[in-house]
Amino acid sequence: MKDLSVKLGNVELKNPVIPASGTFGFGYEMAKFYDINKLGAISLKGTTKDARFGNPTPRIADCREGVLNAIGLQNPGVEKVIANELPKLKEVYNGVRIANISGFSIEEYVYTANEFDKKTDVDILEINISCPNVKHGGMAFGTNPDQAAAVCKAVKDACDKPVYMKLSPNVTDIVAIAKACADAGADGLVLINTMLGMVVNPRTGRPAVSTVTAGFSGPAVKPVALRMVYQVAGAVDLPIIGVGGVATADDVIEMMSVGATAVQVGAQNLVDPYACSKIIDDLPVKMEEYGIDKLSDIIGRTRSFI
């Protein structure tokens, strides 16, 4: 019997496969496709303090290399998520729940994180610092080490649950951001978030999404994600959830080999709602093929060849 279990700090997962925030709704919507209790964990749709309608349409565009999205954090706000969405998920899922939290000021991050921190059916707080800081000219929190650390420290001071900082790849030095979060007390890191991309209609020259540029994800970002996870894993002693271009069991094994403890599947869920289920089913097959008995044994093994 192959052992797929992993541990994010003190939080045990039956396997490392997690649907990424924004690609799986609040989880319960996907229960009509398969038993979602087979998942290692679920990262909930990104939530803010107040309800957000999101960006004008069109806000999703396919391209050869992946997908662009400019959803704009559409969500009903933290109070309604806790009152309505979490109970619906609890009816069909009894596994690990990760609350994905966004904000436009440190105060908003703290408020929303603290509301989730009170709930027994939330296990990990995932702090998305790719949001623009409206008090500092709109620069994303995650592009500046000091700002990233400030968000992390404020949330840690206000909450008891593990805090995982979700990092943006749209920076010059991802390691500097990761170290700043680690020094501020982060319990773990999630990387990478979407890259910044653009798609244009060749007939008209019009941008394909209303915001002109948008978050780019899909198979093409995997080499960048692997590189960043590898760099960060070598620089900080924290569990890492690797994200970016993961679509197969081989992708999961690659991501864990460079230092990820668990792996999130994002854009592939939009292509195939059964993606995570298929990956989980295929992992023992690949482990047998590659002579792996315990999946956690391969975490960071790539470094031994360098």
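How many disulfides does a search of the whole structure find? The search finds zero disulfides, a disulfide being a pair of cysteine sulfur atoms within 2.5 Å.

This is a predicted model, in which local features need pLDDT of at least 70 and side-chain atom pairs count only at pLDDT 80 or more, while totals for chains, interfaces and linings use all residues. Residues are numbered from 1 along each chain as its sequence is written, and side-chain values use heavy atoms, with hydrogens and water left out.

**Cysteines**

For C152, the closest cysteine sulfur is in C181, and the 5.3 Å between the two sulfurs is too far for a bond. C152 is buried, at a relative accessible area of 0%; buried means under 20% relative accessible area, exposed over 50%, and partly exposed in between (1.4 Å probe, protein chains only). C276 is also buried.

| Residue | Relative accessibility | Class |
|---|---|---|
| C152 | 0% | buried |
| C276 | 0% | buried |
| I98 | 1% | buried |

Helices (H or I, at least four residues) and strands (E, at least two) are DSSP runs, numbered from the N terminus. C152 belongs to the buried residues of helix 3, which also include A148, A149, V151, A154 and V155. Helix 3 covers residues 145–158, 14 residues in total, and spans 20 Å from its first C-alpha to its last, close to the expected 20 Å. The expected span is 1.5 Å times one less than the number of residues. The buried residues of helix 3 pack against helix 2 (106–117), strand 8 (124–128), strand 9 (163–166) and helix 4 (174–183).

C181 is one of the buried residues of helix 4, along with I174, V175, I177, A178 and A180. Their cover includes helix 3, strand 9, strand 10 (188–191) and helix 5 (222–233).

At the start of helix 3, a side-chain oxygen of N144 comes within 2.9 Å of the backbone nitrogen of D146. The N-terminal end of helix 4 is capped by D173, with a side-chain oxygen 3.1 Å from the backbone nitrogen of V175. Just after helix 4, G185 has a positive phi of about 105°.

**I98**

I98 lies in strand 7 (residues 96–101). Leaving aside residues up to four places away in sequence, I98 touches I18, A41, I42, S43, L44, I124, E126 and I241, where contact means heavy atoms within 4.5 Å. I98 and E126 are 28 residues apart along the chain, yet their C-alpha atoms are separated by 6.4 Å.

Conventions
A polar contact is a pair of N or O atoms within 3.5 Å; within protein, one must be able to donate a hydrogen and the other to accept it, and residues adjacent in sequence count only if both atoms are side-chain atoms.
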